Amino acid sequence: MPKAKVAIFISGSGTNMAALLYASRLPDCPYEVVLVASNRPGADGLSLARAEGIATFAHSHKGLERADHDAVMERAAQDADADYIVLAGYMRILSEEFVSRWTGNIINIHPSLLPKYKGLNTHARAIEAGDRHGGATVHLVTPELDSGAILEQVKVTILPEDTPDTLAERVKLAEYQLYPRALASYVARAARVTA
Ligand code: GRF
C-alpha cells in the first residue's frame, strides 16, 4: 500500500516533528514525511528537517492576513503532494476556510487530556487544579480551537514536586510515543476505508 504523505507544520523546536519523522523510518510505518513547514523561518525544527533530507518551507505570518498566510502554507503542502497536514507545535490559529478544506486530514497534538484545558498554559492549570494526571491528546482539527474528535490520549501522573516545566518535559516524552502511533493508526484506517 502506498504510504500516506504528511506535511508537518511547526513553529518552534520541532521535537514532536522529529519523533514523527524517525518513526516514519521504522519498518511498516504507513506514512512518510514529505514536508516540514513553518511560520517562523528561524525555527530550530527546520534545520533538523533539512539535515535529515526532508523538504522544508518557511513563510512568516507577519504582515499577512490570517487567511492569506494559511493559503501560503497550504500551497506548500499541496506542492509537496501532502495527503495530511500534521500540526506539531504550530502556534497559529487557523482560518475556518483552511480548516474546512482539510477536514479529516488535519491533525494536532495538544498537551492536556482534552476536553480539559484547551488553549495555553495547560500544565500550570492542571497543577493548579490539583489534578492527579496531565497528559496529551491527538485530535482532528476543526475550526473551534482544540475541540475536534479525539483520536488517542496518554495520561501522565503529576508528581507532588512538579512545576509546569517538569511536567511539560514528561508530557513531551509521552507525546513522542503517542503522536507517531496515533497518526499511523489514523492514516492506516483511512487507507483501509478508501481501498
Ligand atoms: C507540544 O507540547 C505540543 O503538544 C504542543 O506544542 C508542543 C510542541 O513542542 N502543541 P515541540 O516543538 O514539538 O518540541
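1. With which side chain does the side chain of serine 95 make a polar contact? In this predicted model, the partner is the side chain of aspartate 70, at a distance of 2.6 Å. Serine 95 sits in the loop that runs between strand S4 (84-87) and helix H4 (96-101), and it counts as buried because its relative accessible area is 7%, under the 20% cut-off.

2. As for the overall architecture, the chain holds 6 helices and 7 strands, and read from the N terminus their order is β-α-β-α-β-α-β-α-β-α-β-β-α. Of the contacts with a separation of 6 or more, 64% are made by residues 24 or more positions apart.

3. On dimensions, the C-alpha trace spans about 50 × 40 × 35 Å along its principal axes. The radius of gyration of the chain is 16 Å, which agrees with the value near 16 Å that a compact globule of 195 residues would have. Of these 195 residues, 47% count as buried, while the accessible surface comes to about 9,900 Å², with 53% of it belonging to carbon and sulfur atoms.

4. On charge, the chain carries 20 positive and 23 negative side chains, and the centres of these two sets are 3 Å apart.

5. Is helix H1 (residues 15-24) largely enclosed or largely open? Helix H1 is largely enclosed by the rest of the structure, because 8 of its 10 residues are buried. The buried residues are Asn16, Met17, Ala18, Ala19, Leu20, Leu21, Ala23 and Ser24. Their cover includes strand S1 (4-10), strand S2 (31-38), helix H2 (44-51), S4, strand S5 (106-110) and helix H6 (164-194).

6. Alanine 7 belongs to strand S1, which is among the elements that cover the buried residues of H1. With a relative accessibility of 0%, alanine 7 counts as buried. Apart from neighbours within four places in sequence, alanine 7 is in contact with Val34, Leu35, Ala77, Ala82, Tyr84, Ile85 and Val86. Its C-alpha atom and that of aspartate 165, which is 158 residues away along the chain, are separated by 28 Å.

7. Which peptide bond is described as cis? The bond is the one that joins leucine 114 and proline 115, with omega at about 10 degrees.

8. Histidine 123 has its place in helix H5. Is histidine 123 buried or exposed? Histidine 123 counts as buried, because its relative accessibility is 14% and the cut-off is under 20%. Not counting residues up to four places away in sequence, histidine 123 touches Pro111, Pro164, Leu167, Ala168 and Val171.

9. Finally, alanine 149 is found in the loop between strand S6 (133-140) and strand S7 (150-157). Alanine 149 is partly exposed, with a relative accessible area of 45%, a value that falls between the limits of 20% for buried and 50% for exposed. Leaving out residues up to four places away in sequence, alanine 149 touches His139 and Leu140. The C-alpha atoms of alanine 149 and tyrosine 31 lie 118 residues apart along the chain and are separated by 21 Å.

Conventions
Residues are numbered from 1 along each chain as its sequence is written. This is a predicted model: local features need pLDDT of at least 70, side-chain atom pairs count only at pLDDT 80 or more; totals for chains, interfaces and linings use all residues. Side-chain values use heavy atoms; hydrogens and water are left out. Helices (H or I, at least four residues) and strands (E, at least two) are DSSP runs, numbered from the N terminus. The radius of gyration is taken over C-alpha atoms; the globule rule is 2.2 Å times the number of residues to the power 0.38. Buried means under 20% relative accessible area, exposed over 50%, partly exposed in between (1.4 Å probe, protein chains only). Contact means heavy atoms within 4.5 Å. Accessible areas come from the Shrake-Rupley method with a 1.4 Å probe; for residues, only the protein chains shown count as cover. Lys and Arg count as positive and Asp and Glu as negative; His and the chain ends are not counted. The place of a charge is taken as NZ of Lys, CZ of Arg, CG of Asp or CD of Glu. A polar contact is a pair of N or O atoms within 3.5 Å; within protein, one must be able to donate a hydrogen and the other to accept it, and residues adjacent in sequence count only if both atoms are side-chain atoms.
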